[in-house]
Amino acid sequence: MGKIVGRRGFSKIRLIVQVVSLLLIITSCGETKTVEKPELKPDTIAVVENERFGFDLDEYDVYLDTVRNGWTWGNILLPYKVDQYTINTTALAAKDSTIGLKYILAGKPFTILTKKGDTSRAVQHMIYEPDVFSYITFDFTQDSVEIEKKERPTSIDRKMVSGVIHPNSNLSVELGKSFDSYMMSAAVVDAIEGVYAWSVDFFKLQAGDRFVVYYDEKSVEGKPYAVEQISHAWFEHRDDGMFAFHFTDSAGEVSGFYDHKGREMKRPFLMSPVKFARISSSFNMNRFHPIYKTRKPHLGTDYAAPTGTPILATADGTVSRASRSRGNGIYVKLKHNKVYDTQYLHMSKIADGIRPGVRVKQGQVIGYVGSTGAATGPHVCYRFWKNGRQINHRSEKFPKSEPMKEEVLPEYMKYIEPLKKQLDDEIKTLKDYTPDENENS
Ligand SMILES: [Zn+2]
């Protein structure tokens, strides 16, 4: 056996992948259909009937298998007539080369290709798949074993989704109608809620609220798996339409979501301390308490969510209490500034490192939903103080953020012009939702 070659040809492959991604972005711009796959023209792609990992599988005998617990390279390769010396050098080369494959892991798939009809099963190629984004090929047909890591073609495509909220529905339900995969629909909901977390109370959505969202979808081998970023969006809540544009200026000084006037979308407080929850009891000065069986004001908002759901700090602040009491159960209280405090009750557990005096950031996990203290089921009771008095945060009007710097504004306005036009055009095609007379919203 001669020398072992590492990652030869890798950069070439990367380049091809990048060109492909770019083409997809260009061809899919201005798309108006939801979840439309980029069109693949048959004459531009050489179709090999049974192609995988760059091999025509019809030309080989193919053995598919999975690494088991405790396996080494020997377990994979010895049955396919590879001698121990070659196994050792191959393992070493895979580890030391830029491929950096240190261990083979149980549960990972591998494929062995042998010459068609070769009853001795002498391996010609082996393909190991460390993750969904790449695979590693081992070529045993040369004097030395050639190892290459290949990235699967990934792409980022601009997509658009729009809709209207129906009675007794919510964003998840409405978006679910546009997606085959629950994972993608949840990712888009999450992204939208992230953009508007400071301006829309997603628990208060009404029939007739409407949205148009352009976002960049990440796919590997044509299969969408994540939202890269929302690019531009419009969300109309109670007849109040709100534009949002993701923008980074050329100097890289400002970055984030801004409205059509260049005001930052970020607000001092998140509207809710938990994601994907429902409000089980609102702020109410005259509530009949399910445990105490008396009328007493409910000075908080209850968000029901499964035990263990992360509870987020709704704003930057300092932990003033991280404690336990009979009624509150396990709870955390945060001081945000001279005016505002927030408190989170009935936790199953306080997050690691959360103790009095510690600084927390907006969106940081401070604890987990539970039902400790006077609680009938898992929920977080969220309490909000203004100047020492408990108030209903859901009816509090917070100040709008400052506009972006004067010198950046012209660049911003120029950047958003075509995007806003795209949204305006799409809004015109959106149907209004007119409630049925018989419908009860
Ligand atoms: Zn409560």
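**Exercise 1. Find which elements of the chain have the lowest and the highest mean pLDDT.**

Helix H1 (residues 10-28) has the lowest mean pLDDT among the elements of the chain, 33. Strand S22 (residues 365-369) has the highest, 97. Here pLDDT is the predictor's confidence in each residue, from 0 to 100. Helices (H or I, at least four residues) and strands (E, at least two) are DSSP runs, numbered from the N terminus. Next, the stretches below 50. Residues 1-47 are one of them, with 69 contacts in the model beyond near neighbours in sequence. A contact means C-beta atoms, placed from the backbone, within 7 Å. Residues 437-441 also fall below 50, with 6 such contacts. The chain mean is 83, and 84% of residues reach 70 or more.

This is a predicted model: local features need pLDDT of at least 70, side-chain atom pairs count only at pLDDT 80 or more, and totals for chains, interfaces and linings use all residues. Numbering starts from 1 along each chain as its sequence is written.

**Exercise 2. Work out the strand order of the open sheet of 5 strands.**

The order is S3-S4-S5-S6-S7, with antiparallel pairing. Strands pair if DSSP finds at least two bridges between them. Strand S3 (60-66) and strand S7 (146-151) are the edges, each pairing on one side only. Now take one pair. Strand S4 (residues 109-115) and strand S5 (residues 123-131) are joined by 5 bridges. Phe110 has Tyr128 in S5 as its bridge partner.

**Exercise 3. Locate Gly74 and decide whether Gly74 is buried, partly exposed or exposed.**

Gly74 lies in helix H2 (residues 73-77).

How values were computed: Contact = placed C-beta atoms within 7 Å.
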